[in-house]
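Reader: I have a protein model open and would like to learn how to read it. Could you take me through some of its features, one at a time?

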Amino acid sequence: MKSSIYIALDFHTKKEALDFLDVHQLNEAPVKVGMQLFYREGPLLIQELKKRGHSIFLDLKLHDIPNTVYHAMKSLAHLDVDIVNIHASGGLDMMKAAKKGLEKGSATKIPLLLAVTQLTSTDDLMLSNELLIKEPMEQVVLSYAELAKRAGVNGVVCSVAESKFIKQLCGTEFVTVTPGIRLKHDHADDQKRIATPSQARFSDHLVMGRSITQSKNPKAAYKRALKEWNHEYSETTN
Ligand SMILES: O=c1ccn([C@@H]2O[C@H](COP(=O)(O)O)[C@@H](O)[C@H]2O)c(=O)[nH]1
């Protein structure tokens, strides 16, 4: 799969999301559909995005008992998207069940299965004080990545800071997808572990929401992110 920046379509309705893509001529861009939009618009939205030719990351982050996740993944497989995900903190059996459900439910190609290691809205302080995980973030993320690999998962969602080390530990084929990406000077909002596209060279794919969707010129912001990621962007010439 080609390295891509997935635009997070965090909109309320299908109309808002499709209008955004049309108005800003982002009809070629890979997109990420999360809970906000999917819970309202469901499979019909996925069908419409597929019809328009988008590569789709369905970001529902399943986390439940293995049997439930198995059946949920079997259902999601029918949507025929490109990427789906689960939380690694659901454990080895849950991740194995997700993979099995996906294989069982897929008619043609099996979507890439990713495990979320630690959300990019979590920092070390929260990890320790709220989640009561006393090891440093990097160690936790690496250990979850290794567990995901053991379960047969194809890759992980992680921050820029861990991508390189995950590749060293799990191999270059093990996919890393990184959200929490901001163009320089953009607000972090609720994200804690953020980075610019140019700092993300070890990640296979990026996810960008507000830096693009809330920009005055989303198309220009998207193009700039792609250029920065490919190290072709210079502030003096742009
Ligand atoms: O660790 C994670 C996992 C998923 N996300 C999702 O990515 C986008 C990021 O949106 P921004 O507006 O660029 O902050 C959002 O849909 C999250 O649900 C994440 O941020 N971190």
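Author: Let's begin with contacts: two residues are in contact if their C-beta atoms, placed from the backbone, lie within 7 Å. Take Leu114: beyond its neighbours within four places in sequence, Leu114 is in contact with Ile83, Asn85, Val153, Asn154, Gly155, Val156, Val157, Val175 and Val177. Before we go on, note that this is a predicted model, in which local features need pLDDT of at least 70 and side-chain atom pairs count only at pLDDT 80 or more, while totals for chains, interfaces and linings use all residues. Residues are numbered from 1 along each chain as its sequence is written.

Reader: What share of the contacts in the chain with a separation of 6 or more joins residues 24 or more positions apart?

Author: Such residues account for 66% of those contacts.

Reader: Which residues touch the most other members of the largest nonpolar core?

Author: Here is the general idea: in soluble globular proteins, nonpolar side chains tend to be buried together. A residue is buried if 20 or more other C-beta atoms lie within 10 Å of its own, exposed if 12 or fewer, and partly exposed in between, with C-beta atoms placed from the backbone. A nonpolar core is a set of buried Ala, Val, Leu, Ile, Met, Phe, Trp, Tyr and Cys residues joined through C-beta atoms within 7 Å. In this chain of 238 residues, 45% count as buried. The largest core has 69 residues, and Ile7, Leu58, Ala98, Leu114 and Ala115 touch the most other members. Helix 6 (residues 137-150) gives the largest share of this core, 7 residues.

Reader: How many helices and strands does the chain have?

Author: Helices (H or I, at least four residues) and strands (E, at least two) are DSSP runs, numbered from the N terminus. By that count there are 9 helices and 8 strands.

Reader: Which way do the residues of strand 8 point?

Author: In a regular strand the side chains alternate between the two faces of the sheet. In strand 8, His205 and Val207 point one way, Leu206 and Met208 point the other way, and all are buried.

Reader: Which residue of strand 8 is the bridge partner of Ile7?

Author: Two strands pair if DSSP finds at least two bridges between them. Strand 1 (residues 5-8) runs parallel to strand 8, joined by 3 bridges, and Ile7 has Met208 as its partner. Strand 7 (residues 175-178) also pairs with strand 8 in the parallel sense, over 2 bridges, with Thr178 opposite Leu206.

Reader: Which residues come nearest to the ligand?

Author: A residue is near a molecule if its C-beta atom, placed from the backbone, lies within 6 Å of it. There are 17 residues around the ligand, and Ala8, Thr120, Pro179, Gly209 and Arg210 come nearest. Strand 8 (205-208) and helix 8 (210-213) are the elements that give two or more residues to this shell.

Reader: Is Gln191 buried or exposed?

Author: Gln191 is found in the loop between strand 7 and strand 8. Gln191 counts as buried because it has 20 C-beta neighbours inside 10 Å. Leaving out residues up to four places away in sequence, Gln191 touches Thr120, Ser121 and Gly180.

Reader: And is His185 buried or exposed?

Author: His185 lies in the loop between strand 7 and strand 8 too. With 7 other C-beta atoms within 10 Å, His185 is exposed. Its phi is near 75°, a positive value in a residue other than glycine.
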